[in-house]
Amino acid sequence: MDNLIYIGSLILLALLTFTFNRANYTKLMFLAVAVGAYIVYSHETGHSATEFKDKMIKSVDKSAEKFVDRYDSDIKDAEKVKKESQK
């Protein structure tokens, strides 16, 4: 079933690319080609945009923790922040 969806989406993108090319929609044609390239890349390698996003979020989270630890502020405690903002 997975292969049928993969092949079907590539055929659909090929038809869209052909149609966009015939109608002189160059930007949409290149967009369809880029989406097709992404589908082939993610299917062949197993890497996806979601995996990349998750890695970036974890990296930013680690950097933020290091920043807070380095500058050791009193804002680490969420309850303390709430009390300070209510005053």
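This is a predicted model: local features need pLDDT of at least 70, side-chain atom pairs count only at pLDDT 80 or more; totals for chains, interfaces and linings use all residues.
The axes of helices H1 and H2 come within 8 Å and cross at roughly 160 degrees. (Axes are lines fitted to C-alpha atoms over the stretch in contact, with angles from 0 to 180 degrees between N-to-C directions; helices are DSSP runs of H or I, at least four residues, numbered from the N terminus.) H1 and H2 are therefore roughly antiparallel, the word for angles over 145 degrees. Their crossing is left-handed, that is, the near helix is turned anticlockwise from the far one by less than a right angle.

Residues are numbered from 1 along each chain as its sequence is written, and side-chain values use heavy atoms, leaving out hydrogens and water.

Here are two residues to look up, with buried meaning under 20% relative accessible area and exposed over 50% (1.4 Å probe, protein chains only):

| Residue | Relative accessibility | Counts as |
|---|---|---|
| Thr17 | 17% | buried |
| Asn24 | 65% | exposed |

Thr17 sits in H1, residues 2-22. Setting aside neighbours within four places in sequence, Thr17 touches Met29, Ala32 and Val33.

Asn24 is in the loop between H1 and H2 (26-45). Most residues other than glycine have a negative phi. Asn24 isn't a glycine, yet has a positive phi of about 60 degrees.

Technical notes. Helices (H or I, at least four residues) and strands (E, at least two) are DSSP runs, numbered from the N terminus. Contact means heavy atoms within 4.5 Å. Angles under 35 degrees count as roughly parallel, over 145 as roughly antiparallel, 65 to 115 as roughly perpendicular and the rest as oblique.
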